[in-house]
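Please examine the structure shown below. The briefing that follows is arranged by topic.

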Amino acid sequence: MDVKKLAEEIKSSFQEELKNFENGNLNFEDLKNKFLGRKGLVADAFSQMRNFTDKALAGQILNSLKNELTEKVNSLTENTSSAKTKKLDLSLPGRKPNAGTLHVVTETQRQIEDIFFAMGFEMATGPQVETDFFNFESLNFPPDHPAREMHDTFFVEGDVLLRTHTSNVQIHAMKSQEPPVRVIAPGKCYRNDTPDATHSPVFQQIEALYVDKNVTFTELKGTLDAFVKALFGKATKTRFRPSFFPFTEPSAEVDVTCVVCKGKGCNVCKQTGWIEILGAGMVDPNVLEAVGYDSEIYSGYAFGLGIERVAMLKYGIPDLRLFFQNDIRFLKQF
Amino acid sequence: MKISLNWLKSLIEIPFDIDTLVQKLTFSGLEVESVETQKPQLSEKVVVGYVTDRIQHPNADKLSVCQVDVGGEEVLQIVCGAPNVAKGQKVAVATVGSVLPNGLKIKKSKLRGELSQGMICSASELEISEESDGILVLNEETEIGTLFNDYFKDADTIVEIAVTPNRPDVLGHIGVARDIATLEGKKFVKPTHTFTEIGKNTADEIEVEIEFPEGCPRYSAKIVEGIKVGKSPEWLANRLEAAGIRSINNVVDVSNYVMLEVGHPMHAFDYSEVKGKKIVVKSSVQGEKFTTLDDVERELDGQTVMICDGERSVAIGGIMGGQNSEINDTTTKVLLEAAYFTPSYVRKSSVNLGLKSDASYRFERGTDPNATIYALELAAKLLEEVAGGKAYKGYVDNYPNPIEPKEVKLREARVEKILGIAVSQDQIDTTLDNLGITKKSEGTYLVPTYRPDIEREIDLIEEVVRIIGYDSVPLKKTAELDFHSAKSQVNYRNELRRFMTGLGCHETLTNTMTTTELAGKFSEKNEPIILANPLSRDYAALRTSMLPAFLEVLRENLNKKSGTSFRFFEIGDIFYRDENVYNKAKEIKKAILLLSGDRNEVSTFVKQENFDFYDIKGYAESILEFTRFKRITFKVGQRPYFTENCLEVVGNGKTIGFVGEVSPKILKEFDVSAKNVFVFEFAFDLCEKTYQIVSKFSHLNKHPFVERDFAFVLDKTTEAGEIVEKLNRSKIKNLTSIKISDLYEGKPLAENKKSIAFSFRFESFERTLTDKEVNEAMDKILKISEQTFGAELRK
């Protein structure tokens with residue numbers, strides 16, 4: 001067999017396949033494999049070496065063929081990558097997947113819950129439609145007591161009402177287990193208040209309760225302080241003022257460093273540098289006795305705050321009604 | 001409760017400024033809500049002037065030209081328009097350069113040709129009163145040239161305190177003074193009152209019987225004659241007004257004054273209207289009518305404390321006096337009542353009557369039963385002083401079972417157990433003693449009757465910490481955490497919420513309250529919960545479905561053109577009546593998803609298409625798969641608010657919810673302008689129970705799968721789902737999934753035909769399938785489809 005002729009045939013076959021490649025009918029890998037692959041035409045020609053008379057010449061010719069084709073194929077890899085690229089208008093916006101959002105009240109609630117979970121509190125729930133016993137009486141609001149005036153109550157019928165606070169969950173939680181109890185109870189509450197920028201007949205509270213041996217007022221102060229620092233930032237301070245809630249004694253209203261001005265004084269805090277956000281206190285012995293706990297052995301603390309109010313402060317939302325309007329432009333912000 | 005600082009100062013020395021007072025009160029439990037000073041804060045160029053001369057303005061009838069001495073080197077000429085300006089008056093002069101509260105700057109000017117070097121002011125221009133009649137004429141003794149502000153050096157400051165319901169003792173100035181003294185480490189001493197008594201005995205002229213001692217444990221009375229009813233002196237009227245009570249006449253004002261000082265309400269009857277020299281305290285008779293002194297006829301229940309004379313009712317005990325015996329201009333002799341009414345009775349009657357008064361407010365919180373005589377003393381003294389009253393000797397005091405100070409025990413160790421800090425026995429004793437709580441013996445204290453809130457050890461502990469200050473209790477930095485409650489807080493609610501946001505949905509927060517109509521209309525078969533005292537039509541019931549609120553959210557967003565693509569979701573509650581549980585209510589956790597408008601937010605190269613039914617169905621499938629339902633099926637469903645495009649969603653054999661297209665009729669009712677609105681409402685509680693995180697790994701198949709397609713020509717009425725279900729149930733060997741890859745109707749197919757293309761996947765976990773096996777399976781599929789649905793292979 002004539003090695004020259006064979007080399008020419010392979011070359012012309014390569015030229016042909018090159019056209020196919022350029023037209024897009026053959027891909028690069030196939031082209032390369034057909035000629036330079038382990039079982040390609042060049043390798044095949046080498047394998048016929050013993051059939052050639054002048055083996056030295058044949059080796060020369062085939063080697064130069066191999067080099068030539070290799071060079072051509074290599075140059076193709078460089079050329080093709082640039083030849084095949086199409087310049088895009090990179091300034092066009094991307095195809096953004098649709099992404100949803102959580103409601104800011106949920107988001108705030110989640111932040112609050114996470115802090116409590118980290119402190120070892122568990123979740124507890126209770127009904128929104130409640131009886132006088134759970135909402136008031138067992139929480140040491142005697143019947144016909146003016147303390148009930150602190151809560152404008154929606155009544156259903158008889159002794160059934162809409163809970164005015166999440167404190168009913170305290171009773172359910174304590175009645176269903178022995179101390180220690182360490183729970184948080186978030187949920188909707190109802191008061192007969194006309195809606196305006198700061199009031200809503202439906203609002204959400206979150207309440208924390210811890211009852212055990214040796215729970216003291218110092219611990220309440222320490223826990224609350226740690227909680228507000230976690231929620232509003234390390235520089236936040238707390239301030240406790242004596243107050244009155246029937247189900248706690250001593251009771252306190254708790255102010256924190258104004259979230260907006262950081263204590264310098266602004267419109268939100270009425271120039272005082274403080275904002276009132278929490279009600280707190282040591283669980284009243286009457287409440288412990290009402291659920292069958294021995295108040296000589298056990299003591300506890302409870303505190304609660306309004307979730308919407310925290311969200312308003314944290315995010316600078318001026319009007320409570322924005323939460324319930326669900327304008328998608330509002331929802332998308334969070 | 002409005003506290004007059006001047007009044008307080010007449011009872012106790014206050015050795016600090018108002019800011020300190022506010023701070024001390026607030027941090028001892030008497031939260032100061034506002035401080036209002038009656039002293040004006042005017043420019044220092046407003047001074048006291050003396051009108052040395054006044055002449056008629058030569059060019060204007062209504063103007064005067066005045067010469068005013070303001071203590072400076074020269075006498076000022078001021079043109080004044082007030083008709084009451086006159087020579088010899090002391091007046092307030094805004095000199096050149098001063099700025100009045102309304103922003104007016106005083107300049108030197110000429111008025112109709114006459115020089116004017118300032119302005120003589122009226123009370124309203126100085127904003128010290130709402131309206132005024134001409135210029136303000138000052139007291140003759142006022143010194144010329146002094147700052148006008150100083151003219152009010154005795155002006156009062158009013159401190160408004162938010163009194164919590166447990167503190168009736170601070171509903172009088174004396175109680176506040178007592179707290180202030182205690183905060184200063186001192187003991188407050190009540191002032192004593194002396195007055196002249198004439199020869200007649202109260203007891204000779206009045207007799208008091210108590211037939212209803214449960215409602216009225218004590219009734220004390222005194223008679224004062226020689227009264228001249230008239231205007232109260234200024235100091236008395238000012239004090240009442242500072243405390244927020246309108247001055248009426250000297251007798252009524254005295255009784256209000258006593259209430260505001262002592263905290264104990266009283267009542268004054270016109271003695272001439274008290275028939276039979278007799279007061280009888282009775283329970284009202286059901287349906288009895290009585291006209292109170294506000295001229296309203298009221299119907300009474302059967303357990304209201306009534307004050308009667310020998311013939312008729314004359315007052316509702318502790319709430320309001322009667323018109324028939326009220327003090328009038330001709331009254332000369334009064335019967336003063338200071339009684340103790342039981343708080344719960346007053347409260348009940350006040351609520352039933354819908355009538356509140358300053359008296360009922362105090363009685364229902366608990367007044368001091370042992371302060372009645374003290375109140376009468378102060379009243380007698382004041383009547384003598386301001387109305388020429390002459391008091392009869394003695395009192396009639398019906399008090400069959402005197403209420404004694406309570407004995408309350410307090411253990412020092414218990415203070416530490418609750419507070420977490422030790423308070424010394426000495427400090428406890430002194431603090432309590434200053435509050436009037438005396439030590440009877442070691443560990444036992446006597447609580448005065450003006451503190452009905454203190455009944456137990458914990459109440460005394462609160463008093464101690466309130467006075468020593470919450471600030472003095474340290475923060476315990478390391479809470480004693482144990483890990484009894486530590487448990488994984490995997491929580492479907494939060495997981496689902498995040499999943500939904502990943503699907504592009506926006507979470508909403510809608511109201512659980514609604515109208516009675518909507519609660520009824522959207523309730524499936526259960527009775528909704530209706531409120532007995534709704535706030536308004538919109539807040540009259542609890543919702544029975546989340547759909548109405550969602551349609552409202554969509555409507556509002558469409559009306560505001562706030563977007564074009566809406567995916568809203570919420571996890572919420574619905575409510576029904578349930579007579580079988582203690583609270584007569586069933587609360588069900590639901591979730592809802594609503595899709596409307598564009599499928600995608602505006603984005604590059606994405607053709608805008610509207611959401612359709614298959615979107616909501618797909619979302620439902622995704623949600624149920626996420627929730628790890630093992631088997632999800634759909635059945636044709638029906639909801640009154642959906643069109644016929646409605647499916648019942650079944651997960652693990654239970655109805656989870658419905659997907660559907662909201663009917664045009666409902667959209668119209670809710671004024672929703674969108675046409676295509678799709679909703680998936682589902683039982684969150686069932687999903688929550690089902691949800692679990694994947695607990696076990698499934699091996700990946702090492703053997704390749706084979707995919708084969710068939711396109712069937714079918715009758716238009718044949719549903720794709722029927723075929724899939726039939727094939728799934730036929731247990732065809734190695735068939736692991738059936739996908740629908742294309743739908744076609746139209747030419748060249750016949751009018752009543754359609755084509756559905758299926759893609760079948762075959763795989764085995766044991767080995768690679770052979771062509772033969774797959775072909776046999778495909779033959780079986782074809783055969784079943786032909787036999788069951790008349791399917792033909794599309795060529």
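Which residue in E4(A) does A:Phe155 stand opposite? A:Phe155 faces A:Leu161. The model is a predicted one, in which local features need pLDDT of at least 70 and side-chain atom pairs count only at pLDDT 80 or more, while totals for chains, interfaces and linings use all residues. Residues are numbered from 1 along each chain as its sequence is written, chains are lettered from A and ligands numbered from 1 in the order in which they are written, and side-chain values use heavy atoms, without hydrogens and water.

**Sheet in chain A**

- An open sheet of chain A has three strands in the order E2-E4-E3, with antiparallel pairing.
- Strand E2 (129–131) and strand E3 (155–157) of chain A are at the edges with a single partner strand each, so one side of each has no neighbour in the sheet.
- From one strand to the next, the twist averages 35 degrees.
- Two bridges connect E3(A) with strand E4 (residues 160–162) of chain A in the antiparallel sense.
- Two strands count as paired if DSSP finds at least two bridges between them; helices (H or I, at least four residues) and strands (E, at least two) are DSSP runs, numbered from the N terminus.

**Sheet in chain B**

- Five strands of chain B make an open sheet in the order E13-E16-E19-E20-E21, and its pairing is mixed.
- Strand E13 (207–210) and strand E21 (320–321) of chain B are the edge strands, each pairing on one side only.
- Strand E16 (residues 278–283) and strand E19 (residues 305–308) of chain B run antiparallel and are joined by four bridges.
- Within E19(B), B:Met306 is the residue opposite B:Lys282.

**Helix packing in chain B**

- Helix H7 (residues 343–353) and helix H8 (residues 358–365) of chain B pack with axes 7 Å apart, at an angle of about 135 degrees.
- Axes are lines fitted to C-alpha atoms, for helices over the stretch in contact, and angles run from 0 to 180 degrees between N-to-C directions.
- H7(B) and H8(B) are therefore oblique to each other (under 35 degrees is roughly parallel, over 145 roughly antiparallel, 65 to 115 roughly perpendicular, and the rest oblique).
- B:Pro343, B:Val346, B:Arg347 and B:Ser350 in H7(B) are in contact (heavy atoms within 4.5 Å) with B:Ser360, B:Phe363 and B:Glu364 in H8(B).

**Domains**

- Chain A is assigned domain 1 (3–84) and domain 2 (104–331), with bounds from an automatic or database domain assignment.
- The centres of domain 1 and domain 2 of chain A, taken over C-alpha atoms, are 82 Å apart.
- In chain B, 54 Å separate the C-alpha centres of domain 1 and domain 5.
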